[in-house]
Amino acid sequence: PGKFLMGSANAKQDHEEFQHTVQITRPFYLGTHEVTVGQFRRFAIETGYKTTAETDQQGGNGYDDQRKSIYDKNFNWMNTGFRQSDQHPVTNLTRRDVDAFLQWLSDKEFQDYRLPTEAEWEYACRANVPQETQSKGEANVADGAFFEGHVQLHTTDGNMAPFKDGYVYTAPVGSFVPNAFGLFDMTG
């Protein structure tokens, strides 16, 4: 439990949340890493589960031959258009898919698993550090490696980090240093 400033001190747009004090009153657990492709694969094999991207006409998000981000029925958690191993974070899941995974995990381990609330997630992400900064070794973000992987991008919108983390897309979980709470990959 704890108190923190949630939101942005520099909020300027309607969709941004202005900074305000939030109190987390009950302790909660959070996984140290994201759910991996390998963990989700085990769930899918054991249950025969098919994700929304595998069963609908839209499919999932991925990258085509020109490295353009698109939605396509061929993209799903097993095929993102870029190379991933079982140690990478699973992507292309809907809330329905995540809920099914969490129910399976809850049944398997006799624990109640759920997604964190927005406040819990931000509290865990900030880890009692007043201002988040993105520096090399802390997060997998849009940076020089992403820019080099997308040579057709000639300008940036100002959100590109000023370093290269070595990964154009996702990185294996735990590739960067943990935050002050010991949680990996909370930003990026």
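Helix H1 (37–47), helix H3 (95–109) and helix H4 (118–126) each contribute at least two residues to the lining of the largest pocket; helices (H or I, at least four residues) and strands (E, at least two) are DSSP runs numbered from the N terminus. The structure is a predicted model, in which local features need pLDDT of at least 70, side-chain atom pairs count only at pLDDT 80 or more, and totals for chains, interfaces and linings use all residues. Residues are numbered from 1 along each chain as its sequence is written, and side-chain values use heavy atoms, with hydrogens and water left out.

A pocket is an open set of points on a 1 Å grid over the protein atoms alone where a 1.4 Å probe fits, with protein on both sides within 12 Å along at least five of seven lines; lining residues have an atom within 4 Å of a point. The largest pocket holds about 1500 Å³ of space, the volume being that filled by probe spheres set on the grid points, which are joined across faces, edges and corners. Its lining comprises 40 residues, with Leu 30, Gly 31, His 33, Glu 34 and Val 35 nearest the centre. H3 provides the largest share, six residues. By class, the lining has 22 nonpolar (Ala, Val, Leu, Ile, Met, Phe, Trp, Tyr, Cys, Pro), ten polar (the others, Gly among them) and eight charged (Asp, Glu, Lys, Arg) residues.

Asn 92, a non-glycine residue, has a positive phi of about 65°. Asn 92 lies in the loop between strand S4 (69–72) and H3 and is buried (under 20% relative accessible area, 1.4 Å probe, protein chains only), at 18%. Ala 127, also not a glycine, has a positive phi of about 50°. Ala 127 sits in the loop between H4 and helix H5 (144–149) and is buried, with 3% relative accessibility.

How values were computed:
Buried < 20%, exposed > 50% of the residue type's maximum accessible area, 1.4 Å probe, protein only.
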